[in-house]
Amino acid sequence: MEEERVATLDPGPDKVIGPGHDFKSVTEKIGGVVFMPFVRTPRQLFIGFAVAFVLVNLFLVAVTWLFARGVGVWGIVIPVAWGFAIVNFVWWIGIGHAGTLISAILLLLKQDWRTSINRFSEAMTLFAVACAGMFPILHLGRPWLAYWLLPYPNTMWLWPQPRSPLIWDVFAVSTYASVSFLFWFTGLIPDFATMRDSARQSWARKIFGVLAMGWRSSAKHWARYQKAYLLLAGLSTPLVVSVHSVVSFDFSVSILPGWHTTIFPPYFVAGAIYSGFAMVLTLAIPVRRWYHLEDMITMRHIECMSKVMLGTGLIVAYGYGMEAFMAWYSGNQFERFMYWNRAWGGHYWWTYVLLIFCNILIPQALWSRRVRMSVPAVFAIALVVNVGMWLERFVIVVTSLERDFMPSAWGRYYPTFWDIATYAGTIGVFLCLMFLFIRGLPAISMFEMREVVHHEEPSHAHGD
Amino acid sequence: MLTETRTAGHVKLHGLMAGFRQPEALLQAARGAYAAGYRHMDAYTPMPIEGLADAIGFQSNAVSRWVFAGGLTGACGGFGLMWWITVVAFPHNVAGRPLNSWIAYIPITFECMVLVACFTAVISMLIMNGLPQPYHPVFNVDEFERASRDKFFLCIEATDSLFDAASTREFLESLQPEEVSDVAP
Amino acid sequence: MKEPKYWRSLEELQQSESFRRFAEDEFADRTPDWNDPASRRRFLRVMGASLALGGAAACTKQPKETIVPYVRQPEEFVPGKPLFYATSIMSAGLATGALVESHLGRPTKVEGNPDHPASLGATTPQMQATVLTLYDPDRAQTVTHNGNIDTWGNFVTALAAVRDVADLKKGAGLRLLTGTITSPTLAAQIGEILAAFPQARWHQWEPCGSHTEYAGSVAAFGKAWNAVYRLNRAARIVSLDADFLDPWFPGSLRYTRDYTAKRRDAAQNSTEAPRLYVAESAPSITGGMAEHRFRMRAADIESFAEGLVEGASDPRQHALLKDLEDHRGSSVVIAGRYQQPRVHAIAHLLNERFGNIGSTVIYTDPVEANPTDQVASLRELVAEMRSGAVEALLILGGNPVYDAPADLNFLEALQHVKLRAQLGLYYNETAEWCHWHVPEAHTFESWSDARAWDGTASIVQPLIAPIYNGKTPHEVLGVLLNQADRSAHDTVQDFWRAQHKGTDFSDFWQIALHDGLIAGTAFPEQAPPAARIPEATAASSGVEISFRPDPCVGDGTSSNNAWLQELPKPCNKMTWDNALWISAKTAERFNLGTGDIVELSQAGRKLRGPVWIQPGHADESLTIHFGYGRTRAGRVADGVGFNAYALRASGALWHGAGAQMKRISHGYSFATTQHTQTMEERDPFRLATVDEYRSHPDFARPEGQRVTKDLTLFPMWNYPKYKWGLSIDLTACTGCNACMVACQAENNIAVVGKEEVAKGRHMNWIRLDRYFSGPVDDPQMYFQPVPCMHCEDALCELVCPVAATVHSGEGLNEMVYNRCVGTRYCSNNCPYKVRRFNFYLYSDWYTRSLYGGRNPDVSVRSRGVMEKCSYCVQRINEAKIGAEKEDRPVRDGEIITACQQACPANAIVFGNLNDPESEVSRRKRQQRDYSLLEELNTHPRTTYLARLRHPNPDLEKG
Amino acid sequence: MAQIFHRSSNSLAKVSIAGTLLGLSGLVWAAYEINAGAFITNVAVAREQPVPFSHKHHVTDDGIDCRYCHTSVETSPFAGLPPTETCMSCHSQIWTNAAMLEPVRASFRTGQSIAWTRVHDLPDYVYFNHSIHVNKGIGCATCHGRVDQMPLTYAVNTLYMQWCVECHRNPEKYVRPREQVFNMAYEAPADQLEQGRRLVTQYKIQSLTDCVTCHR
């Protein structure tokens with residue numbers, strides 16, 4: 001019965017919106033999700049939130065213990081002085097890339113299928129970056145001094161050391177976070193107005209009213225608005241590329257075999273988009289199901305995203321290939337050993353094998369249209385890619401550090417319970433925020449959907 | 001935009017508001033009004049509509065100019081700060097690199113440029129739109145809440161030199177709107 | 001030229017199932033843990049450091065602090081400046097001269113006494129660590145009677161009662177038990193007692209004393225002689241299990257200095273290099289230096305030595321004998337303490353035969369005040385105790401309950417004694433069974449004297465009043481002599497006043513105190529009679545057990561010293577444990593692997609311990625070390641390792657056959673500081689034979705591998721004034737660990753405990769790398785100290801986001817703890833991995849007693865900051881300020897880093913590279929000079945001089 | 001549609017935004033002020049002492065030289081604090097029964113040191129050496145101010161790193177002839193900069209801004 005409903009709702013792979021929608025119906029359908037009485041919230045959302053909330057508390061415990069005892073509670077040692085924290089940081093930042101990419105680049109490319117997923121993935125970006133942003137601070141030996149990484153006048157006359165990629169990170173990540181927020185919030189303003197105008201309860205109208213700042217959708221508003229939005233898009237496009245490039249500099253600027261390689265920036269960016277889209281799918285597929293949004297997040301969306309995944313996945317594969325090739329071609333003893341150690345001789349060879357499996361082999365299934373058309377299959381692959389991309393970062397960080405130049409200093413890394421707890425915790429934080437957002441704010445851009453209606457089917461832009 | 005405040009004192013109305021069901025109709029109406037010589041007017045639509053701004057004779061590139069200025073400031077500020085930190089504020093021999101390792105400052109320069117530019121874009125947009133402005137006369141029009149959902153309005157403001165409560169209403173009626181209503185100040 | 005053959009990897013060399021287990025599981029010592037450091041760490045955190053490192057720089061209000069002046073300020077004392085006092089530190093009764101640094105009356109650092117023949121300015125790790133023992137909060141702190149706190153006064157009364165009884169009974173039933181005594185004063189006091197109480201007896205027991213030297217000399221010459229070697233004259237050295245570079249060997253510092261001086265001289269000035277032959281069962285640092293190491297069971301060394309006497313069949317012996325023949329009078333045969341008396345007799349005979357006596361070996365009177373067969377002496381005491389003949393036993397120092405031979409069953413006998421009193425630094429296993437325990441004064445709290453290995457009378461003078469009201473043996477014996485209120489100072493001074501002929505005693509005494517020794521008291525050379533070799537004893541068969549004092553904690557006296565516990569054993573880098581060392585072959589035969597726990601039994605005695613497969617160990621033999629398995633040592637040592645004394649028989653003090661091993665369980669985890677055994681095809685350690693060096697002087701840095709200075713994108717910085725650098729001579733370095741502990745003491749380096757070491761979080765700034773090369777069962781062993789390289793293009797600095805590590809104007813790679821936020825990026829980017837991180841608050845901020853021992857010139861690090869070798873920048877600054885005030889540049893040799901100062905081999909030299917005449921520049925001009933990972937173009941300031949070997953062509957294989 | 005907000009809310013909105021911005025910058029400013037102020041730095045705060053010792057009296061009125069009490073200032077990192085003996089050398093003759101001096105006499109009787117409150121207190125990770133500064137012509141007053149005019153001693157400088165670095169970068173601004181080091185009343189000449197440069201070369205003063213100059 002549910003399936004039929006889906007079948008009827010989903011217009012299939014060539015439409016971005018289901019049949020029979022007009023301005024009013026799209027507005028109400030999207031707004032309805034927010035105005036839906038609390039008790040009628042889909043059961044799955046409650047369950048999901050409950051689970052996430054437990055993880056949030058685990059996170060709080062883990063961080064408390066961390067601050068009480070020191071980073072020693074993690075498995076990091078000399079030589080493997082970076083562990084889960086940095087792995088997670090890179091992973092989350094990567095996930096954070098889909099949002100801005102979808103809203104900015106696809107906007108510039110005039111991709112119609114971006115509309116109903118951009119709001120949603122922008123939010124995802126925000127929360128992912130928030131999770132990412134925590135790790136660089138948590139992993140400090142003396143986190144209470146994190147503010148020393150900011151350039152501010154102080155009684156020591158000391159300043160950050162801007163040759164360090166970590167300082168580039170500080171600027172890149174904070175810029176990315178603020179710009180993503182701007183992007184997301186700007187997009188929301190007209191919808192806040194819509195919510196304000198269609199809300200029943202006066203308190204809701206007041207709240208949305210404040211957020212809408214008195215937006216009255218006048219032609220002049222729209223004119224400046226679109227200009228600003230376009231500029232934001234134009235600026236964020238290079239930003240997206242820059243952010244993960246900078247993150248990759250953390251590694252490529254160093255001299256460590258396995259880190260010190262010029263291919264990192266492009267291959268990190270591709271990887272970021274790869275994991276980003278995987279995460280969007282991982283979230284979009286259940287949500288559209290729970291709220292019966294199949295007619296707005298259609299098979300077309302899913303297929304396009306699958307294609308992007310396939311494409312970026314291939315770039316990543318090329319990256320791996322190049323690493324291997326360069327290791328051999330460089331003729332450098334340490335590079336060669338690093339690769340042998342990573343893929344074959346090391347303690348964590350299996351992570352590398354698993355990563356090839358997750359990031360390269362499995363996604364090839366997406367060549368087949370049948371797979372791309374099957375929602376469960378795409379969902380499964382998206383999940384696998386999420387795992388794979390985490391492993392990629394683990395391999396890069398840990399296997400390179402374990403055995404570098406001086407055999408006498410080789411060590412071994414064992415994550416502890418607290419490593420895992422902290423990681424799981426941030427996933428909880430992420431999901432909590434995501435669920436709250438879906439419940440409390442229009443998860444699909446209403447005014448843009450109205451535009452879609454206007455273009456797709458002007459005939460019945462008005463149902464009656 | 002803020003014209004009403006100038007003259008609200010001796011004008012009864014903020015203006016007259018005609019509501020349409022189709023964007024195309026509104027576009028027609030707007031062009032008509034402009035042709036008829038009206039200048040102080042504004043249109044209200046649930047989503048941006050191409051050509052509407054021109055139709056009511058409005059164009060502005062201010063935002064882009066501001067953003068350019070902002071971006072430039074950001075870039076210079078970013079690079080300048082890094083240069084000052086490493087060359088002037090506390091020169092250190094770091095890893096045998098020269099004091100002014102300008103190559104290393106490029107990422108930061110870029111990020112600062114983007115950051116400032118983006119903020120300017122949004123803030124200048126809001127300021128020029130006169131937001132935040134929770135109270136506005138047009139909200140007095142009943143049914144105006146549909147302006148953010150599925151109805152299209154054209155408002156001729158009292159400040160317009162041609163504005164006259166009676167004749168302007170007549171003119172608006174002539175555009176076959178769903179209805180024409182006064183906009184209380 | 002021939003590349004030295006290193007193992008490509010252990011896998012390639014794997015020869016047996018069991019060995020593969022060892023080889024592949026580099027991390028035998030590591031099991032993943034899901035929780036936090038064990039309880040001991042709480043204390044250990046504390047056994048490291050002190051005054052808090054201030055917090056965030058901004059917005060912290062300083063707490064109100066007080067400053068406390070003297071009431072009456074000592075004359076010579078300048079506040080803020082340290083004072084140095086000459087004193088002596090004892091090891092198994094033998095004195096080594098030391099200069100102890102004292103800040104505001106607190107001893108903080110031990111240096112060697114350059115005027116003292118046994119030190120020449122060098123120190124052993126154990127000497128360095130005595131500071132920590134002084135402040136050890138686990139030391140005995142009060143007199144106890146039957147375990148209850150009591151007073152010195154009451155003890156004096158009790159002892160006086162004993163004296164009165166003794167008076168009546170001519171001392172029958174009164175017994176003294178001491179370690180080896182070389183102190184003239186103490187000997188004189190004991191003499192007085194024995195004179196006053198003719199029936200009283202004095203017994204000595206030194207668990208790791210010179211029992212076999214004594215017996216060997218008696219066997220060869222009919223009387224005890226003390227053999228002193230002159231290695232500066234020795235071109236050929238044959239060691240029969242004589243680990244003469246090991247701190248435990250009498251005169252080891254002097255021997256190391258003499259031997260390595262010849263090696264360095266040969267490398268620099270192409271004089272003839274000495275050649276060292278070593279026959280030994282367990283790998284030792286001496287074996288590591290050997291050109292030719294003959295691996296054999298300890299028991300087989302006797303027959304090997306015999307072969308040398310009777311002209312031998314074995315080609316090795318042939319070649320060796322020929323070499324000795326060619327170097328009559330400039331060769332020396334040294335028999336080790338761990339060998340049978342007969343081997344010592346053979347050594348004496350060989351030296352006689354090759355005309356070495358008088359040149360490379362000289363004989364003097366024994367340094368012991370009363371050289372006796374201590375085993376017999378102890379056996380006699382035990383018998384008497386058991387028979388009830390002993391009424392009062394006074395134990396001065398020592399811990400016989402723990403370290404007496406197991407077959408004597410000392411503890412059982414002890415309980416027959418009516419009054420048992422012990423004077424001891426710790427309330428140890430023996431104190432537990434004594435009615436009275438009196439806390440002993442630490443060396444740095446005592447007045448006394450003692451003789452060095454060559455007889456030089458050395459002064460022991462206090463630097464600090466006894467922290468826990470400890471008493472010296474002089475004071476305790478004073479009670480028996482009716483001089484209860486006579487201070488140790490007076491006793492010692494009066495003794496020497498009596499010795500001193502002439503009127504100027506006070507000058508004489510002042511000089512003695514200043515020099516720390518009494519000039520000209522080294523024993524004169526004497527001519528012993530012709531040596532005889534006693535009858536051979538039945539050769540033993542079967543698996544043998546060898547006993548050794550632990551390379552770090554020794555015989556157990558310093559077990560509770562965390563610096564020594566955490567000091568990696570030179571040959572396997574193990575910390576916090578002792579183990580059954582066996583060879584891979586033997587392990588295979590018994591189907592054992594590293595980490596298996598076995599029950600080891602011999603002659604009905606049993607103990608349980610973990611197995612460690614030690615490359616280079618003799619087959620059919622296993623080695624266990626003393627000093628562990630303590631039950632009453634203190635919080636550090638209690639319950640660590642197993643007690644090897646439990647297997648030691650009075651008949652076979654050092655090795656005995658007939659061991660059985662039974663596997664009980666497996667998976668014991670060791671904590672080692674180096675997991676990879678080999679160089680993995682890389683060449684951090686470079687070496688060549690002397691001949692190869694002559695033909696290829698650039699072997700260490702062949703043309704192809706050099707990186708030219710101009711190979712850089714940026715102009716190099718220049719360092720106009722000073723340009724500090726360090727050179728480490730691998731030809732000289734023996735791997736004795738002295739530098740590591742010296743560095744720890746100088747720089748307030750924290751101790752982290754076994755669990756943390758096992759994870760890889762040890763803090764020693766100097767990593768003493770040990771590499772194996774050659775065949776697995778008999779590899780070459782190489783040592784390489786790796787401190788911070790102070791690279792001119794330091795990768796660590798580039799990536800630090802807060803400029804916590806930057807370069808100084810003199811090219812130091814500065815590490816500013818109070819700026820560090822702890823990203824650990826610098827460590828990741830350091831190719832030498834010489835940086836250490838405070839993952840927890842490792843420094844002890846809470847144990848007040850430890851504050852005193854800290855170096856006030858070095859910050860005590862807090863949690864979450866990186867640290868590393870600073871080239872002892874506090875010493876650099878002090879010297880520079882001194883020079884500035886005199887308006888002159890710093891002189892070469894004025895700045896001596898802690899590691900350089902401690903090094904007995906003079907392997908480390910620090911100085912100004914801008915001064916072409918400085919020692920360090922001269923060393924770096926040598927062609928043996930090379931830097932680690934030169935190809936990375938980091939321009940290290942620390943460089944190495946490649947090792948030169950001088951093998952015997954007849955024996956050099958492949 | 002009815003208005004949701006009152007007319008006034010327009011101005012209210014704008015005012016509140018401005019207010020927030022002002023408020024935030026105000027907070028930052030306050031933080032800096034507090035950090036530089038006496039509460040944190042104890043500058044110009046006369047500290048409570050067991051004996052209300054007056055440098056003014058001893059230096060200005062009695063004309064005692066700094067080095068009479070701070071004996072090791074020229075030779076040691078630590079300037080030295082007078083042992084009770086030093087006080088008693090005079091106060092066994094004069095003011096022998098002044099109640100104010102009882103702690104001093106008590107200390108001399110009992111052998112218990114007097115615990116003074118530190119006025120100039122550097123963090124434990126900063127290593128300062130008096131002797132080199134004195135030898136290079138930095139006057140007592142340069143850092144400690146006119147102690148000779150302080151009835152109760154207080155600090156005149158924050159001892160913040162920026163304060164140290166200021167001088168370490170431009171010693172010529174502060175250096176004075178060696179013979180003037182202990183002259184409290186010394187006034188910098190009009191041509192201080194020019195004289196300073198001369199002294200800097202003459203005394204071979206290096207401007208040491210290496211971290212390890214003070215931190216080890």
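Helices here are DSSP runs of H or I with at least four residues, strands are runs of E with at least two, and both are numbered from the N terminus. The model is predicted, so local features need pLDDT of at least 70 and side-chain atom pairs count only at pLDDT 80 or more, while totals for chains, interfaces and linings use all residues. Residues are numbered from 1 along each chain as its sequence is written, chains are lettered from A in the order in which they are written, and side-chain values use heavy atoms, without hydrogens and water.

**Exercise 1.** Find the helix that holds V353(A), and work out whether V353(A) is buried, partly exposed or exposed.

*Solution.* 
- Start with the helix: V353(A) sits in α13 of chain A, residues 349-361.
- Next, the cut-offs: buried is under 20% relative accessible area, exposed is over 50%, and partly exposed lies in between (1.4 Å probe, protein chains only).
- V353(A) has 42% relative accessibility, so it counts as partly exposed.
- Now look around: V353(A) belongs to a nonpolar surface patch with W349(A), W350(A), L354(A), F357(A) and L361(A), with about 580 Å² of accessible area together. For a nonpolar patch, side chains are joined within 5 Å, and members have over 30% relative accessible area and no salt bridge (a Lys or Arg side-chain nitrogen within 4 Å of an Asp or Glu carboxyl oxygen). Areas come from the Shrake-Rupley method with a 1.4 Å probe.

**Exercise 2.** Work out the strand order of the open 4-stranded sheet in chain C, and say which strands stand at its edges.

*Solution.* 
- Two strands pair if DSSP finds at least two bridges between them.
- The order is β12-β11-β10-β13, with parallel pairing.
- β12 (292-295) and β13 (331-335) each have a single partner strand, so one side of each lacks a neighbour in the sheet.
- Zoom in: β10 (236-240) and β11 (275-280) of chain C share 5 bridges, and S239(C) has V278(C) as its bridge partner in β11(C).
- Finally, α11 (315-326) of chain C lies across β10, β11, β12 and β13, at about 135 degrees to β10(C).

**Exercise 3.** Locate N764(C) and list its contacts beyond four places in sequence.

*Solution.* 
- N764(C) is in the loop between α23 (754-759) and β31 (767-773) of chain C.
- Its relative accessible area is 5%, so N764(C) is buried.
- Contact means heavy atoms within 4.5 Å. Sequence neighbours within four places aside, N764(C) touches E566(C), M740(C), Q744(C), I749(C) and R836(C).

Conventions
Patches are made of residues with over 30% relative accessible area and no salt bridge: like charges are joined within 9 Å, nonpolar side chains (Val, Leu, Ile, Met, Phe, Trp, Tyr) within 5 Å. Axes are lines fitted to C-alpha atoms, for helices over the stretch in contact, and angles run from 0 to 180 degrees between N-to-C directions.
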